[in-house]
Amino acid sequence: MWICPKCGRSFQKAKQNHYCGTAPATIEEYILSQPEEIQPYLRQINEAIRASIPEAKEKISWSMPTYWKGHNLIQFAAAKKHIGLYPGPEAVEAFAGRLAGYKTSKGTIQLPYNKPIPLELIAEIAKWCEAKAKQ
C-alpha cells in the first residue's frame, strides 16, 4: 500500500497518479494538472475535438476531459505511456481499419506519445460520435 505524502490517500500501486485535493473542473485545469511534457499532446487532441464538434459542451466526467451533448460523446485522458481516447465501442469498431496501428480495446484507443497523434482521425471520430448520438 502506498500513501500519497501530499494528500494522505492510500493506493495499491506506488506513486499512483491521482488528484490531490480538488479534481479539475475544466478541461484546461485537467491539462494543467498533467506533467508539462504531456500537456502539448492533450491540447492538440482537445483542439481537434473542439473544432470538429463545437456545439458539444466541455466538461469533466469520470475525472476525464469530456465532450457532452445529452450524454458523453468522447473523452480522453493522459496515461503514463499514452493518451487514452474513449469514443465508445461502436466508434472503435467503425474505425477499426484506420486504427490498425494503435492498441484498442472495447471503446478505447491508445495513442502512444512516441507516435504522431492522428489529429484528423480524432476529429473524424468525434464527428462520427456526435452524428451517431443524433440517431
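What is the volume of the second largest pocket? It is about 230 Å³, where a volume is the space filled by probe spheres set on grid points that are joined across faces, edges and corners. The structure is a predicted model, in which local features need pLDDT of at least 70 and side-chain atom pairs count only at pLDDT 80 or more, while totals for chains, interfaces and linings use all residues. Residues are numbered from 1 along each chain as its sequence is written, and side-chain values use heavy atoms, with hydrogens and water left out.

**Second largest pocket**

- A pocket is an open set of points on a 1 Å grid over the protein atoms alone, where a 1.4 Å probe fits and protein lies on both sides within 12 Å along at least five of seven lines; lining residues have an atom within 4 Å of a point.
- The lining of the second largest pocket consists of 15 residues, and H71, N72, L73, P87 and G88 lie nearest its centre.
- β5, α3 and α4 each give two or more residues to this lining; helices (H or I, at least four residues) and strands (E, at least two) are DSSP runs numbered from the N terminus.
- By class, nine of the lining residues are nonpolar, four polar and two charged.
- In this classification Ala, Val, Leu, Ile, Met, Phe, Trp, Tyr, Cys and Pro count as nonpolar, Asp, Glu, Lys and Arg as charged, and the others, Gly among them, as polar.

**Largest nonpolar core**

- The largest nonpolar core has 33 residues, of which I49, F76 and I125 touch the most other members.
- Elements that each supply at least two residues of this core are α1 (27–32), α2 (39–52), β4 (64–68), β5 (72–78), β6 (82–86), α3 (89–94), β8 (108–112) and α4 (119–134).
- A nonpolar core is a set of buried Ala, Val, Leu, Ile, Met, Phe, Trp, Tyr and Cys residues joined through side-chain atoms within 4.5 Å.
- Buried means under 20% relative accessible area, exposed over 50%, and partly exposed in between (1.4 Å probe, protein chains only).
- Not counting residues up to four places away in sequence, F76 touches I27, L42, I45, N46, I49, M64, P65, Y67, I83, G84, L85 and Y86; contact means heavy atoms within 4.5 Å.
- In soluble globular proteins, nonpolar side chains tend to be buried together.

- α2 has 14 residues and reaches 20 Å from its first C-alpha to its last, close to the expected 20 Å; the expected span of a helix is 1.5 Å times one less than its number of residues.
- The buried residues of α2 are Q39, L42, I45, N46, A48, I49 and S52, and they pack against α1, β4, β5, β6, β8 and α4.
- Q39, in helix α2, counts as buried at 12% relative accessibility.
- Leaving out residues up to four places away in sequence, Q39 touches I31, L32 and Q34.
- α4 has 16 residues and spans 23 Å from its first C-alpha to its last, close to the 22 Å expected.
- In α4, L121, I122, A123, I125, A126, C129 and E130 are buried, and the buried residues pack against α2, β5, β6, α3 and β8.

**Strand β6**

- I83 lies in strand β6 and counts as buried, at 0% relative accessibility.
- Neighbours within four places in sequence aside, I83 is in contact with Y41, L42, I45, F76, A77, I109, Q110, L111 and Y113.
- The C-alpha atoms of I83 and I38 are 8.9 Å apart in space, although the two are 45 residues apart in sequence.
- H82 is also placed in strand β6 and, at 17% relative accessibility, counts as buried.
- H82 touches A77, Q110, L111, P112 and Y113, not counting residues up to four places away in sequence.

**Loops**

- W62 lies in the loop between β3 (57–61) and β4, and is exposed with a relative accessible area of 74%.
- W62 has a positive phi of about 55° although it is not a glycine.
- S63 lies in the loop between β3 and β4 and counts as partly exposed at 39% relative accessibility.
- S63, a residue other than glycine, has a positive phi near 65°.
- P116, in the loop between β8 and α4, is exposed with a relative accessible area of 68%.
- P116 and A23 are 93 residues apart along the chain, and their C-alpha atoms are separated by 29 Å.
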